[in-house]
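This report describes selected features of one protein model.

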Amino acid sequence: MNSEHAPLLPLLKRYFGFTSFRPLQEEIILDSLAGRDVFALLPTGGGKSLCFQLPALAREGLTVVVSPLIALMKDQVDSLQAGGVPATFLNSSLNANESRRRLQGLNGGEFRLLYVAPERLMLEGFLCELTKWDVRLIAVDEAHCISEWGHDFRVEYRKLAELRDVFPAVPFMALTATATDRVRADIVSHLKLREPKCYVASFNRPNLMYRVIAKNKPYDQLLAFLRARATEGGIVYCHSRKTTESVAANLSEDGVAARPYHAGLSADERSDNQEAFLRDEVRVVCATIAFGMGINKSNVRFVVHYDLPKNIEGYYQETGRAGRDGLPSECLLLFSAGDVVKQSKFIEEKPSEREQQLAREQLRQMVHYAECCQCRRSELLRYFSETHPGDNCGACDNCLSPRQTFDGTLAAQKFLSCVFRIREKSGFGTGLNHVVEVLTGANTEKIRRWGHAQLSTYNIGLEHSRTEWAAIGRELIRLGFLQQTTEKFSIVEITGDGLAALKTRKQIRLTQSEVVPDAKTKTARFGEIVCDETLFARLRDLRKKLADERNVPAYVVLSDVSLRQMARIYPKSESEFAGISGVGEKKLHEFGETFIAEIAAHLQTNPQQTFADEPPSAAPPPRKSMGDSARESMRQFRSGKTVEEIARDRKVVAGTVLGHISEAIEQGESVDLDRLVPPAEQKLIADAFDRIGFAALTPVHEALGGALDYGKLRLVRAAINARATTI
């Protein structure tokens with residue numbers, strides 16, 4: 001493949017409004033541009049889409065994006081077009097005339113990105129058309145759908161491997177936000193990726209706060225939570241269609257604008273309800289897990305699980321729909337033992353024993369997460385084979401308000417002894433609930449039939465309720481004193497450690513049952529961009545008006561991050577406005593004057609506030625240090641090599657090397673700029689920047705008649721910004 005491509009950072013600022021990459025983005029993009037297959041696992045909100053969007057702009061030809069949902073395609077294309085990116089989609093939502101127009105555009109090379117569903121992509125006639133469109137990259141988004149071990153397996157994804165025969169020289173990129181080791185291996189195998197470079201980012205979402213509370217009058221808990229967040233929007237996940245509808249109806253009656261979303265609604269109803277949420281016309285969507293995968297809404301401030309999720313992977317994916325803009329957001333789970341029983345009954349309806357065993361193990365892991373007293377972030381990361389540094393994340397309920405423990409030796413002895421006595425008398429083990437019934441003196445048919453009322457442990461546990469005993473039993477499983485099978489009739493058995501603890505009366509500390517908290521309390525948020533809240537609300541209203549005029553969701557115009565920065569910095573000129581995160585070339589020209597005027601109008605009647613410290617960096621965060629690739633280019637540059645020699649040695653274009661040197665300058669590295677740009681040209685470029693501003697390189701390039709290349713422009717801009725040289 002041809003590795004020639006345009007410099008990346010100017011494109012990043014021009015089209016997306018960012019000045020630096022998120023972790024791993026640049027490495028993934030460079031490998032893709034070099035023609036390599038890539039597997040990328042980046043968490044939701046980690047900038048996954050940019051990994052194929054930016055390469056599409058850096059070279060000629062078409063990038064094909066395989067996407068599973070119609071809404072997701074429209075959402076991403078709307079956002080791209082708002083930034084000036086030539087992108088389109090083809091799916092069943094388009095009428096014949098519109099489809100024909102877009103096909104004509106594809107035949108004429110009008111687009112750089114095409115979003116399409118796997119079902120349409122693999123049609124013989126469509127593949128024939130595709131071969132005419134100069135395809136340079138095939139990106140498979142939501143690639144976990146290809147694995148039967150993933151949480152959202154789709155049979156049609158399996159056919160994508162046939163594309164290898166149709167496009168043998170085109171590189172593939174597989175992307176997902178969540179996948180276990182097993183699912184990762186499945187993706188690489190089924191897509192027939194060829195010696196792929198694999199990138200796995202941290203699963204940690206530091207801007208998310210995780211909380212679990214004991215379920216008690218759940219609707220009242222939810223209503224109090226929402227009323228404490230009266231200006232924010234989010235998703236409430238429910239297990240059943242009926243619950244989504246009843247909760248949404250009750251919320252609407254109580255003054256919270258809410259809509260239901262589930263597969264039982266008509267396509268028009270689902271579309272209308274989703275669109276109302278995307279446009280901030282309703283605050284809350286009450287949904288089954290059918291909702292959320294197809295949205296790119298960046299300002300979801302909370303995700304509430306009204307019912308217990310089936311597994312950790314789905315829970316992680318669903319909570320990941322909060323805070324995609326990098327601002328602090330909350331994830332609340334309402335938990336009760338009754339939900340565990342409901343899920344267990346659903347598992348029994350699965351057709352095969354293998355499916356049932358897998359589902360029981362996944363449910364056990366989910367319950368462990370809900371009941372654990374350790375850092376919840378650490379528990380989530382451990383599931384994905386990642387270790388969280390430190391014992392306290394500072395952003396989950398267990399770390400902020402550690403639950404009390406007590407000497408549970410006596411309770412543990414009673415429970416372990418009961419399990420042992422049942423096995424001793426009957427020659428078989430029983431389920432956890434039966435052990436609880438024996439301890440609390442129940443008079444059930446099984447206790448009578450098996451003679452368990454005669455056990456020495458019968459009715460010796462009246463100091464705890466059945467719910468408390470069940471929690472104690474599950475904690476003993478987590479601590480390794482008991483083990484639980486995953487068969488249909490799951491049983492608990494005492495382990496070697498449990499037997500030793502029983503014989504030696506080893507002290508065992510257990511966790512106090514959780515007291516139901518006041519759900520209306522709003523947890524203090526770490527990392528919030530402190531700003532003029534009155535101005536932020538005013539800018540949000542303006543954004544909504546501009547979005548409605550353009551028939552797009554509000555966040556497509558500008559993100560909450562951008563608005564909060566404006567409400568803190570008060571930009572008064574286009575050059576200041578251009579420095580706002582997310583403001584690219586098109587948005588600067590389209591919205592700059594309007595927002596600057598609104599800020600000026602606000603300041604006529606309100607004093608400008610001052611803030612003690614610098615605003616926290618907005619997504620994407622600035623690089624803390626140079627990447628390995630830039631560091632290697634700088635090492636060779638300092639050894640005396642020219643840019644051209646470094647480019648030949650590293651098999652990249654000269655623009656990439658200049659980009660690396662610019663990055664080094666921005667990080668404070670001392671560079672002799674005269675080696676790269678003659679002083680006279682430095683003066684010309686600096687004067688042009690003074691006249692035009694620093695927002696984008698293209699206007700400066702054009703102002704200089706195209707005589708000086710982008711690499712030199714970027715070097716001088718970096719030097720000015722870093723004050724590394726005097727011009």
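## Cysteines

A disulfide is taken here as a pair of cysteine sulfur atoms within 2.5 Å. The model is a predicted one: local features need pLDDT of at least 70, side-chain atom pairs count only at pLDDT 80 or more, and totals for chains, interfaces and linings use all residues. Residues are numbered from 1 along each chain as its sequence is written, and side-chain values use heavy atoms, with hydrogens and water left out.

Under the disulfide rule the count is zero. For Cys-399, the closest cysteine sulfur belongs to Cys-396 and lies 3.6 Å away, too far for a bond. For Cys-375, the closest cysteine sulfur is that of Cys-399, at 3.7 Å, again too far for a bond. Buried stands for under 20% relative accessible area, exposed for over 50%, and partly exposed for values in between (1.4 Å probe, protein chains only). Cys-375 is buried, with 5% relative accessibility, and Cys-399 is buried as well, with a relative accessible area of 9%.

## The seven-stranded sheet

Helices (H or I, at least four residues) and strands (E, at least two) are DSSP runs, numbered from the N terminus. Two strands pair if DSSP finds at least two bridges between them. On this basis seven strands form an open sheet with parallel pairing, in the order β3-β4-β2-β5-β6-β1-β7. Its edge strands, β3 (87-90) and β7 (197-200), each pair on one side only. Neighbouring strands are turned against each other by 20° on average, direction ignored; axes are lines fitted to C-alpha atoms, for helices over the stretch in contact, and angles between N-to-C directions run from 0 to 180 degrees.

Strand β1 (residues 38-41) runs parallel to β7 and is joined to β7 by four bridges. Within this pairing, Ala-40 has Tyr-199 of β7 as its bridge partner. Helix α5 (residues 96-107) lies across β2 (62-66), β3 and β4 (113-116), at about 130° to β3. Contact means heavy atoms within 4.5 Å.

## The six-stranded sheet

Another open sheet has six strands in the order β8-β13-β12-β9-β11-β10, and its pairing is parallel. Since β8 (208-214) and β10 (258-261) stand at the edges with a single partner strand each, one side of each is left without a neighbour in the sheet. From one strand to the next, the twist averages 15°.

Seven bridges connect β8 with the parallel strand β13 (residues 329-335). Arg-211 has Leu-332 in β13 as its bridge partner. Helix α11 (residues 241-253) lies across β10 and β11 (284-287), and runs at about 170° to β10.

Glu-475 belongs to helix α21 (residues 466-478). Glu-475 is buried, at a relative accessible area of 8%. Beyond its neighbours within four places in sequence, Glu-475 contacts Arg-509, Leu-510 and Thr-511. The side chains of Glu-475 and Thr-511 are joined by a polar contact of 2.9 Å. A polar contact is a pair of N or O atoms within 3.5 Å; within protein, one must be able to donate a hydrogen and the other to accept it, and residues adjacent in sequence count only if both atoms are side-chain atoms.

In helix α29 (residues 643-650), the buried residues are Val-643, Ile-646 and Ala-647. These residues lie on the same side of α29, because they cover an arc of only 100° around the axis; the arc is that of the directions from the helix axis to the C-beta atoms.
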